[in-house]
Amino acid sequence: MSATGDAPAPREAGAETPAPKGADAESSVPAEAGGTHGTRGGAGFAVPLLETRECGKTFGGVIALREVSMQVRAGEVTCVLGDNGAGKSTLIKILSGVHPPDSGVYLVDGAPAAFTSPRDALDRGIATVYQDLAMIPLMSVWRNFFLGSEPSLGRGPLRRFDVARAKRTVRRELHSMGIDIRDVDQPVGTLSGGERQSVAIARAVHFGARVLILDEPTSALGVKQAGVVLRYIAQARDRGLGVVFITHNPHHAYPIGDRFLLLNRGASMGEYGKADITRQELTSLMAGGAELEQLAHELSRDEPPGGPKRTL
Amino acid sequence: MTVADERLAGTGLARRLLIRPELGAVVGAIVVFAFFAGQSETFRSIDGVANWLDPASTLGIMAVAIALLMIGGEFDLSAGVLTGSTGLIMVILSTRYGLSVWTAMLVALVVALLVGFLNGMIVVRTKLPSFIVTLGTFLMLQGVNLGVTKALTGTVQVSGLRRAEGYDQARALLAGTFSLGGTDFRVAILWWLGITALATWVLMRTRPGNWIFAVGGDERAARAVGVPADRTKIALFMTTAVAAWLVGSILALRFTSVQANAGLGQEFVYIIAAVIGGCLLTGGYGSAVGASIGALIFGMADKGIVFLGWDADWFKFFLGAMLLLATLANRLVRRYAEEVRH
């Protein structure tokens with residue numbers, strides 16, 4: 001999204017931030033989506049690994065996601081930013097094959113995807129690392145690494161888990177990603193949060209992922225641990241993977257992202273190339289930015305100008 | 001790179017031993033053996049060993065199957081009564097309907113597999129706790145066992161298996177004896193050892209073994225990486241049912257008759273043996289060897305109390321005390337194993 005059409009978009013969005021959310025955010029969507037489409041052709045020659053065009057998802061009467069367009073390209077990091085309830089999880093679930101979109105199209109390698117399960121997406125090289133369900137704490141690192149895709153030896157009833165190869169491979173893979181783990185026999189529960197995420201990323205890379213979807217990999221981590229994880233994300237990117245990095249922290253997203261999709265209340269606030277947006281703009285655009293201004297405003301006076309009882 | 005990290009040098013053998021789930025059971029077995037062997041000449045003689053290995057064997061077969069199921073994160077309270085059901089089916093069919101022992105066993109196996117499948121199916125479909133689901137099957141089977149036996153015989157037991165066709169071969173295979181050093185041992189001991197070895201191999205060295213640990217450890221995480229969690233769980237319930245069938249057949253062939261309430265109350269003994277063997281009640285951790293050693297402790301206590309001339313009622317007290325001690329020991333071991341090392 002480096003083309004000219006996007007340049008005014010951040011300002012536009014910025015201009016509307018003081019206004020209360022709701023109808024305005026909604027009205028900005030078609031414009032944003034249109035802008036995204038206009039620039040798509042110019043952004044690169046390769047077909048994006050993943051692309052959503054105005055994807056939407058409804059659960060019963062709740063519109064979880066509407067008209068979200070985004071792209072994931074090889075060797076790039078696409079950051080998806082948004083506050084709780086912004087639709088990040090719904091978007092991940094569409095991308096990783098848990099739910100099909102109700103409207104719009106989801107393209108993988110330029111062709112419409114028809115995933116019926118996460119397994120289908122995985123078979124196409126789309127691996128998802130969830131924040132909470134990445135690893136099984138009581139199992140060793142090597143058992144976790146190969147869980148669901150264990151290498152086998154022998155045939156028929158004597159088919160068995162090739163333990164020696166599994167351990168060897170895990171040591172090699174972790175080492176090549178620069179992940180420093182003392183003992184692959186130790187239970188994953190004894191690893192730190194950052195180490196766990198790193199092992200999960202190494203696992204996805206090893207199993208031939210072309211696209212890595214990372215669900216808030218840094219949100220539960222301290223500053224140092226988050227830095228470790230960001231470094232592995234960069235490693236994966238440098239290996240030519242397309243990375244979808246979901247986060248609510250613009251300070252984690254900005255240094256590593258190549259493009260930024262901002263979500264608010266299930267709708268896209270625009271997809272920006274790195275050249276089109278500054279860290280400050282990203283921070284203030286992030287859900288909460290507008291509210292924070294409003295909040296600061298409210299807190300500084302005795303009588304807030306707008307509805308004083310408005311819940312944030 | 002195949003060389004372990006140099007920082008591992010300090011951890012050593014002691015830690016590796018301590019984080020084994022079987023450790024508590026091994027220590028317990030040594031203590032119990034020393035206790036009884038120290039006071040009873042018979043207990044430590046070779047005939048005594050053959051004597052206390054006998055109850056340990058049938059209990060051990062069940063404890064191993066239950067251990068696998070518990071590592072997979074589920075319980076089966078119907079397993080004890082199912083040993084009675086399969087025995088009853090076998091004896092009734094071969095004594096009253098003229099089937100050979102082998103055919104009757106085959107029918108009993110099919111019924112057992114069906115019960116296991118239903119248990120598993122209901123658990124994975126409804127997501128109800130297996131404790132409740134199998135408590136339901138447990139009560140239903142108990143009712144059927146009594147109802148059918150009474151309706152057919154007018155009493156609460158069926159007998160006369162000795163006269164059925166194929167009894168001698170079946171007995172030799174499942175309930176016979178083999179000689180070792182001039183002492184007769186029950187052939188069930190060999191089944192027990194074989195099943196323990198097989199279960200250990202499956203757990204530690206096969207893909208389904210990895211899946212069992214995974215579905216018990218964190219089912220959602222396991223599913224997310226493509227582990228067939230439902231199939232694994234159903235297979236575990238069916239494995240338990242097959243073990244119950246095997247034990248039911250062994251006991252029926254040995255005694256040639258089956259009480260309608262056979263196996264009742266045993267379900268908790270299996271679970272206790274598995275817990276003493278290091279299985280966590282929450283799943284995801286444990287061992288087949290540990291469960292076998294847990295069964296061994298029970299075998300020793302069961303007979304040891306008799307050898308010492310004590311009232312057999314004390315066995316229950318012993319059962320409870322062992323369970324408490326084992327659970328406490330397991331908790332410590334687990335905490336030590338999981339302790340973050342940096």
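Q: What relative accessibility does R279(A) have?
A: R279(A) belongs to helix 10 of chain A, where helices (H or I, at least four residues) and strands (E, at least two) are DSSP runs numbered from the N terminus. This is a predicted model, in which local features need pLDDT of at least 70, side-chain atom pairs count only at pLDDT 80 or more, and totals for chains, interfaces and linings use all residues. Residues are numbered from 1 along each chain as its sequence is written, chains are lettered from A and ligands numbered from 1 in the order in which they are written, and side-chain values use heavy atoms, leaving out hydrogens and water. With a 1.4 Å probe and protein chains only, buried means under 20% relative accessible area, exposed over 50%, and partly exposed in between, so R279(A) counts as partly exposed at 32%.

Q: Which residue does R279(A) touch that is 24 residues away in sequence?
A: A contact means heavy atoms within 4.5 Å. Leaving aside residues up to four places away in sequence, R279(A) touches H251(A), Y254(A) and P255(A). The one that is 24 residues off in sequence, with its C-alpha 8.7 Å from that of R279(A), is P255(A).

Q: What is the phi of R265(A) near?
A: R265(A) is in the loop between strand 11 (259-264) and strand 12 (267-273) of chain A. Its relative accessible area is 56%, so R265(A) is exposed. Most residues other than glycine have a negative phi. R265(A) has a positive one, near 50°.

Q: Where in chain B is T256(B), and what is its phi near?
A: T256(B) is in the loop between helix 12 and strand 4 (257-259) of chain B. At 11% relative accessibility, T256(B) counts as buried. T256(B) is another residue that isn't glycine and has a positive phi, near 60°.

Q: R231(B) is in helix 12 of chain B; which residue lies 111 residues from R231(B) in sequence?
A: Helix 12 covers residues 229-255. R231(B) counts as exposed, because its relative accessibility is 61%. The residue 111 places away in sequence, but 8.8 Å away in space, C-alpha to C-alpha, is G120(B).

Q: What relative accessible area does N119(B) have?
A: N119(B) lies in helix 6 (residues 101-126) of chain B. Not counting residues up to four places away in sequence, it touches D76(B), S78(B), V133(B), T134(B), T137(B) and F237(B). N119(B) is buried, because its relative accessible area is 1%.

Q: How far apart are the end C-alpha atoms over residues 234-256 of chain B?
A: UniProt, in an unreviewed entry, lists several "transmembrane region" features for chain B, including 187-204 and 234-256; annotations like these may be inferred rather than shown by experiment, feature names are shortened, and positions use the numbering here. Over residues 187-204 the chain is 94% helix and 0% strand, with 26 Å between the end C-alpha atoms. Over residues 234-256 the chain is 96% helix and 0% strand, and its end C-alpha atoms are separated by 32 Å.
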